[in-house]
Amino acid sequence: MRVDVRKGREIETWPTCTQGWPKLRSNRRRISQAHSRFCLLKKIQEKKDKKEMVKPSCEDEKIQESNRNVKRVWFHVANAPLVKLLHVRNWHSVHKDLKSDMKFMKLGTRPDTFYTEQATRSLVSDIPADLVIKINDTTYLLHKSSLLPKCSLLQRLCSDSSDSESVPLELHDMPGGADAFELCSKFCYGVSINISAHNFVPALCAAKLLQMNESIEKGNFVGKLEAFFSSCILEGWKDSIATLQATDRLPEWSENLGITRKCIDSIIEKILTPPPQVKWSYTYTRPGYTRKQHHSVPKDWWTEDVSDLNIDLFRCIIMAIRSTYVLPPQLIGEALHVYACKWLPGLTKLKSSFNSATKIEESKVVNRKILETIVSMIPTDRGSVSAGFLLRLLSISSHLGVSPMTKTELIKRASIQFEEATVSDLLYPSTSSLDQNVYDTELVLAVLESFLKLWKRISPGAVDNRHLLKSIRNVGKLIDSYLQVVARDDNMPVSKFVSLAETVPAIGRLEHDDLYQAINIYLKVHPDLSKADKKRLCGILECQRLTPEVRAHAVKNEFLPLRTVVQLLYFEQEKDSKATTSSKLQKSHDLLQGAKKRPATRDSHGQRSLVNKEEFTRRTSHAESREKGQHKAKPSDGKLALDLERKMVIKGDTEEKGSEKLRGDKEERMSSNKLGLDSKKNIPRARSKKSEHGREK
């Protein structure tokens, strides 16, 4: 609750939606009386200036007497209720534009009677003009009695002339030109003027030049402007932006008077304010965003308003914010993205919006400066800006002819985040005048080569190789999808298509299905290719990396050259033969495992039966000889598998034969002992038979 210093009545402020505007707690009768008194005072003042005095009533004379010496004016700043009392001679007030949410100060009560006649500005008056001031191409016919009491500069310039003599003056160096001087002259005459953030800077600079200070007259123009600047402009968000934007026309004056520095400090202070504490209005036109549905303030609420500034002022604000380390890099990157979208139009607009070569060159110079400044302000943190934004800047840089250092930096930054890009991020038109291609494949090739250099440098010492493998395969898939789009370009040469496809290493493609689709599209769009070009184009395709469905389609593709179709058929036959061999080897292996698991049978002498093992060995050798006859011309993977299986069989046989050999030695020793005993028994028998035979003879 506050007290109105003029009437002594209590006032209260509106709710947050219309903060700062007082609501008088009085009935309609009192408001009507106050309004009628004010209108009467205004009418009396106007008639007094025209020397047509109307005698007021007794009550009106008391009101006029109370307001004649000192009139108090209160300012009320939105979001920070503040009452300032100024001793002024003319009644004025501060109003608020509800549409733009910007404040303006109204000074003076007299109607505007300035008129123009043959490049001469004058004022309707019965008194002849005695002061001639020329500013550039405009001449003003004014009166010393109105201007000299408030302007110290004019007092010094007219000090040598008499009062009745007409003095011509030339003020060609007036800041703000004739418009700013006319504001000052209207203030001296008491003509009604409105001071806002848009005309504050030239008005203050002109008043400073004319030395309209408080030392000359109390309540002079400079004092009123400075109070309005500190109480209203610096307290508002859009007012500070508009005032800082107006300093472009008078940069030196604004810097010397401290306007630029104070506005920048006020803007930075508001940007660093936490979003829940933001109560002022701001511009936010993101697609799909409505304030009725989103009650909370977005973190990047300030980016669109700041993008209205020129690149130098924008850079000052961004660098000051970065030095505080309060806002995250992603928010800084979003501000850069909004600024670039507003000030860097597309390439088609750059080519068609200007007719003359001079205007095109001037536009290129301005946009080149903006682009190079934006690139220098991009935070070093990865992810602060998107890969698509970097690629767009890179495509525009080729047209604007930026410095090689800037282009190299863009290529490096884009290659770091290349795996995050999409196909639409790569589809930029070619900027070369000699190149008739629709798409700029050279740009994509440069970023891809930079990515591969970085990938090769990181991969040897990487801790997590899975991430690196995933990143390069994502890039390979991205390039294949990009090739499917550029293959539809009628002017795309085979050399560029093949060079871009071959740049992706073999590890970057798990399958060649996407690459086959790109080649198929290219062959359909370019049916008049020569045999050599078709051979070169299909030479980058590896048949063994195609899925069975795609391979079946490729065999029936009439656009593929005969050589590629033969390779596909041969690969299919070889694959079938390998499948047959592997199935046979699997059966042999199963037989071997079954022979090992069967219980061993013993013969009449107690020896283990090896019939099954001999049969398996015979069958295996027969299969090996047959496969050897079929594939004698070249070594194959099936032979390697056979050798491996053979080694496994021999190893198992060796282990069993070792144990069998030990048993065989024991049995052999036992049998030899038996044979020795039997021989000793047989010798005497033979001798006895021989003697008996002799006896018979």
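User: How many helices and strands does the secondary structure of the protein come to?
Analyst: The model is a predicted one, and every answer here should be read with that in mind. Of its 697 residues, 40% count as buried, and residues 24 or more positions apart account for 64% of the contacts with a separation of 6 or more. The secondary structure comes to 27 helices and 13 strands.

User: At roughly what angle do the axes of helix α6 and helix α7 cross?
Analyst: On the α6 side the meeting residues are F200, A203, L204, A207 and K208, and on the α7 side they are F221, V222, L225, E226, F228, F229 and I233. By class, this contact has 10 nonpolar, no polar and 2 charged residues. The crossing of α6 past α7 is left-handed; the two axes come within 9 Å, and the angle at which they cross is roughly 150°.

User: How far apart are the end C-alpha atoms of helix α19, and what covers its buried residues?
Analyst: Helix α19 has 18 residues, 441-458, so at 1.5 Å a residue it should span 26 Å, and its end C-alpha atoms agree with this, being 26 Å apart. Its buried residues include L443, V447, F451 and W455. What covers the buried residues of α19 includes α16, α17, α18, α20 and α21.

User: Which helices do the buried residues of α22 pack against?
Analyst: The 13 residues of α22, 513-525, should span 18 Å at 1.5 Å a residue, and the end C-alpha atoms are 19 Å apart, which agrees. Among the buried residues of α22 are D513, L515, Y516, A518 and I519. These buried residues of α22 pack against α20, α21, α23 and α24.

User: Is D480 buried or exposed, and what is its relative accessible area?
Analyst: D480 is found in helix α20. Leaving aside its neighbours within four places in sequence, D480 is in contact with R509, D514, L515 and A518. D480 counts as buried because its relative accessible area, which falls under the 20% cut-off, is 2%.

User: Where does A119 lie, and what is its phi?
Analyst: A119 has its place in the loop between β8 and β9, and at 46% relative accessibility A119 counts as partly exposed. Most residues other than glycine have a negative phi. A119 is not a glycine, yet its phi is positive, at about 60°.

User: What is the relative accessible area of Y325?
Analyst: Y325 lies in the loop between α12 and α13. Its phi is also a positive value in a residue other than glycine, near 60°. Y325 is exposed, and its relative accessible area is 73%.

User: Which residues is E420 in contact with, leaving aside its neighbours within four places in sequence?
Analyst: E420 is found in the loop between α17 and α18, and with a relative accessible area of 42% E420 is partly exposed. With the sequence neighbours within four places left aside, the contacts of E420 are R382 and A387.

How values were computed: Residues are numbered from 1 along each chain as its sequence is written. This is a predicted model: local features need pLDDT of at least 70, side-chain atom pairs count only at pLDDT 80 or more; totals for chains, interfaces and linings use all residues. Side-chain values use heavy atoms; hydrogens and water are left out. Helices (H or I, at least four residues) and strands (E, at least two) are DSSP runs, numbered from the N terminus. The expected span of a helix is 1.5 Å times one less than its number of residues. Buried means under 20% relative accessible area, exposed over 50%, partly exposed in between (1.4 Å probe, protein chains only). Contact means heavy atoms within 4.5 Å. Axes are lines fitted to C-alpha atoms, for helices over the stretch in contact, and angles run from 0 to 180 degrees between N-to-C directions. A crossing is left-handed if the near helix is turned anticlockwise from the far one by less than a right angle, and right-handed if clockwise. Ala, Val, Leu, Ile, Met, Phe, Trp, Tyr, Cys and Pro count as nonpolar, Asp, Glu, Lys and Arg as charged, and the others, Gly among them, as polar.
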